[in-house]
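Colleague: I have a model open and would like to learn how to read it with you. Could we go through it feature by feature?

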Amino acid sequence: MKRFHRCLLATLATLLCAATIASQITPFSISNGDVRLSYTVGLSSFKIVSVGDTSEPSAYSIADSGWLINFWGTGPDPIPISLSDCDPFSFAFTHSKTATSFSVSWLNCQTSVAPGLQFDVFLMGSIAPEDTVAELRLNVHVDSGGKAIDSVVYPRFSFRERSHTASGVMAVPYGQGKLILDPVHRVEYSDEDYTYQHPSNSASMQMFCYYEESEVTPALLFWGTRDPLGHLKEVKLGPS
């Protein structure tokens, strides 16, 4: 991959909903020979660990907070439900993988947070041959409980800068695109979140990226969506 920027990760194709539980955690990875995505999975845990390429298999370490689903019920506000809220004895868990893809499912999830609610969560990851991105898909099916999905918060990733040279550059989907120099250390960006909705006049793109200019061949960390239908999304950037 002899490119000035090594494109490492794309996420979020089609999102709908999710849920999970806990036990023994096992590490896995998928790769097409160019891009590598590492993750851990257990009965009630799934986390992306790192993403990289042939030059650096773990170029960026990822802190993954997992998914969060907001359900509408009978009250005035949506009910947030995450993996840790699901009863570990209520669902059927499966995990399978090939060299370039994985699939995780939690079927018949239930939680005391929303009695009567039952839903299925499907999480898929893949890296196409000769592609430079890893794609993640999260789908949720609600079976019962008189509740509807308001929104899905996924992915919830954070990462550290690769050096301390204040040479970081982040492209954010504001207007026609905006470059933020040294986003980790800039005071005006250090203590607040930046939220963009797409499609809207404030966000024309469905992606953002980060890299460090001090590197000879910067490893470009990229998040984006493959959604030609332009479903409503909200991108939130901020300190972790």
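Modeller: Gladly; let us begin with the nonpolar core. A nonpolar core is a set of buried Ala, Val, Leu, Ile, Met, Phe, Trp, Tyr and Cys residues joined through side-chain atoms within 4.5 Å. Buried means under 20% relative accessible area, exposed means over 50%, and partly exposed is in between, with a 1.4 Å probe and protein chains only. Here the largest core has 46 residues, and those with the most contacts inside it are L37, F46, F102, W106 and F119. Another core lies apart from it and has six residues, including V169, Y211, L220 and F222.

Colleague: What should I keep in mind about the model itself?

Modeller: This is a predicted model, in which local features need pLDDT of at least 70 and side-chain atom pairs count only at pLDDT 80 or more, while totals for chains, interfaces and linings use all residues. Residues are numbered from 1 along each chain as its sequence is written, and side-chain values use heavy atoms, with hydrogens and water left out.

Colleague: Which strands make up the open sheet, and in what order?

Modeller: Strands are DSSP runs of E with at least two residues, numbered from the N terminus, and two of them pair if DSSP finds at least two bridges between them. The open sheet has four strands in the order β8-β9-β10-β11, paired antiparallel. Its edges are β8 (92-97) and β11, each with a single partner strand, so one side of each has no neighbour in the sheet. On average, neighbouring strands of this sheet are turned by 10 degrees against each other, direction ignored; the axes are lines fitted to C-alpha atoms. Between β10 (residues 118-126) and β11 there are nine bridges in the antiparallel sense, and D120 has H141 in β11 as its bridge partner.

Colleague: How many salt bridges are there?

Modeller: In general, side chains of opposite charge can pair when their charged atoms come close. The rule asks for a side-chain nitrogen of Lys or Arg within 4 Å of a carboxyl oxygen of Asp or Glu, and by this rule the count is five. One of them joins E56 to R162, with the closest N and O atoms 2.6 Å apart. E56 is in the loop between β4 (45-53) and β5, R162 is in the loop between β13 (157-159) and β14 (168-172), and the two are 106 residues apart. E56 is partly exposed at 28% relative accessibility, as is R162 at 25%.

Colleague: Which residues are linked in a network of salt bridges?

Modeller: D131, E135, R137 and R226 are. R226 meets D131 at 3.2 Å, N to O. R226 lies in the loop between β18 (219-224) and β19 (233-237) and D131 in the loop between β10 and β11, so this pair ties together parts 95 residues apart in sequence. R226 also meets E135, at 2.7 Å, N to O; E135 is in strand β11, 91 residues from R226. R226 is partly exposed at 44% relative accessible area, whereas D131 is buried at 19% and E135 is buried at 14%.

Colleague: And K147: is it buried or exposed?

Modeller: K147 is buried yet has no salt bridge, and the nearest side chain of opposite charge, D85, is 13 Å away. For charge, Lys and Arg count as positive and Asp and Glu as negative, while His and the chain ends are not counted. K147 is in the loop between β11 (135-144) and β12 (148-153). Contact means heavy atoms within 4.5 Å; leaving aside neighbours within four places in sequence, K147 has contacts that include F71, W72, P115 and V142.

Terms used:
Axes fitted to C-alpha atoms, helices over the stretch in contact; angles between N-to-C directions.
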